[in-house]
Amino acid sequence: MWRLLAGFVLLLCAADATPVVGRTVPDFGKMYHVKGELSLPYSGDSKLKEAFEVWYDLEGNRSRIDYHNSTVRTFLIGNDLDYGAIYQITPVTTHTEIQAIKYFQLNGTKEDPIRPQTALPDLQGFEFEKMEDYAGVQCEVWKKVTQAGHKKNTYRLWVTRPEGHDSPAVPYHYEMMGFNTLLESHNDKYMIDYSDFSPKTESDIFTPPGEVTYEEFPDPPEEHQILANPLQDYVHTSPVSHAHRLFGPFKEKFERQYASEKEHEERESYFIHTIRRVHSTYRAGLTFSLGINHFADRSKAEMARMTGGLLIRDTKKAVTK
């Protein structure tokens with residue numbers, strides 16, 4: 001009798017938990033169009049959000065990413081030149097110009113060829129975690145945990161299946177929560193809300209403007225990749241991003257030496273959030289731009305004390321010198 005009852009309870013629990021058996025890892029296909037909104041709650045500005053739109057064509061080796069309602073347009077064309085190229089059209093504010101439209105180009109190399117940029121994470125290594133009601137929508141939650149050094153990141157993707165359990169998945173929400181084991185605290189987080197997903201695109205959407213002169217991205221060179229393809233840092237599933245790789249040159253430029261490994265981790269975290277805020281503001285096409293200067297590894301409270309509470313606003317050219 002007990003064995004029969006236990007089996008009955010196990011069956012109920014399994015039904016309630018929605019077992020992994022039969023769950024297929026979401027596959028969004030080789031071509032799609034999707035809109036998204038990036039949120040950076042740890043950037044020092046809780047209201048910092050960035051709308052984007054992506055057209056992706058893997059077989060055509062091309063993608064397009066627009067930011068802020070096409071204020072910034074980026075074309076990643078893998079078949080151009082020897083190793084592909086990125087073309088970007090963006091407004092730029094300098095000492096002499098305000099929101100001047102510029103045309104930038106970044107060529108791929110043998111070591112780092114240009115590939116189409118997805119708007120969605122590579123789900124290799126993700127596992128089904130649970131069913132969950134998110135913002136009033138029933139979703140599957142897929143999870144992956146990575147660790148490098150003291151950085152432990154948890155990635156979650158919420159997807160829906162509008163046509164049933166075995167139907168194609170539609171992305172709904174993506175979230176990364178970072179935990180630093182040395183600092184013993186959550187020190188990083190970003191989120192993407194997806195909408196208007198469609199498994200097709202228009203072929204002419206991938207053609208960058210012609211009959212214009214494209215120039216190199218502005219200095220410093222180590223920022224070119226993050227300027228040309230910022231979305232890459234948010235949909236990858238590695239604890240070390242392009243923003244993290246900029247911390248070394250920053251320390252060298254400003255001759256930074258920290259008292260302990262713990263302080264190094266803290267300063268790097270502040271730096272990452274500053275980088276994200278600066279570049280997100282840069283893409284917004286405002287009449288001013290923030291830049292990376294010697295305050296970049298300081299907390300918001302420290303910067304307020306050092307500057308008398310004034311918001312540091314200057315052109316990128318001025319503050320990076």
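Q: How many aromatic pairs does the structure hold?

A: The model is a predicted one, and the structure holds 15 aromatic pairs.

Q: What geometry do the rings of Phe28 and Phe197 have as a pair, and why?

A: Planes over 60 degrees apart count as edge-to-face. In this structure the ring centres of Phe28 and Phe197 lie 5.9 Å apart with their planes at 70 degrees, so this pair is edge-to-face.

Q: Which parts does the pair of Phe28 and Phe197 tie together?

A: Phe28 belongs to the loop between helix H1 (2–17) and strand E1 (31–39), whereas Phe197 belongs to strand E11 (residues 185–198), so the pair ties together parts that are 169 residues apart in sequence.

Q: Is Phe28 buried or exposed?

A: Buried means under 20% relative accessible area, and Phe28, with a relative accessible area of 10%, is buried.

Q: Where in the chain do Tyr134 and Tyr172 lie?

A: Tyr134 is in strand E7 (residues 127–134) and Tyr172 is in strand E10 (residues 170–180), 38 residues apart, and their pair links distant parts of the chain. This aromatic pair is edge-to-face, at 6.1 Å centre to centre and with 85 degrees between the planes. Tyr134 counts as partly exposed at 22% relative accessibility, and Tyr172 is partly exposed with a relative accessible area of 24%.

Q: Which residues form one aromatic cluster?

A: One aromatic cluster is formed by Phe247, Phe250, Phe254, Tyr258 and Phe271.

Q: Where does the charged end of Arg64 sit?

A: The charged end of Arg64 sits over the ring of Trp55, 4.9 Å from the centre of that ring, while Arg283 lies over the face of Tyr67, at 5.3 Å from the ring centre.

Methods. Residues are numbered from 1 along each chain as its sequence is written. This is a predicted model: local features need pLDDT of at least 70, side-chain atom pairs count only at pLDDT 80 or more; totals for chains, interfaces and linings use all residues. Side-chain values use heavy atoms; hydrogens and water are left out. Rings of Phe, Tyr and Trp (its six-membered ring) pair if their centres lie within 6.5 Å; planes under 30 degrees apart count as stacked, over 60 as edge-to-face and the rest as tilted. Helices (H or I, at least four residues) and strands (E, at least two) are DSSP runs, numbered from the N terminus. Buried means under 20% relative accessible area, exposed over 50%, partly exposed in between (1.4 Å probe, protein chains only). A charge sits over a ring if NZ of Lys or CZ of Arg is within 6 Å of the ring centre and within 35 degrees of the ring normal.
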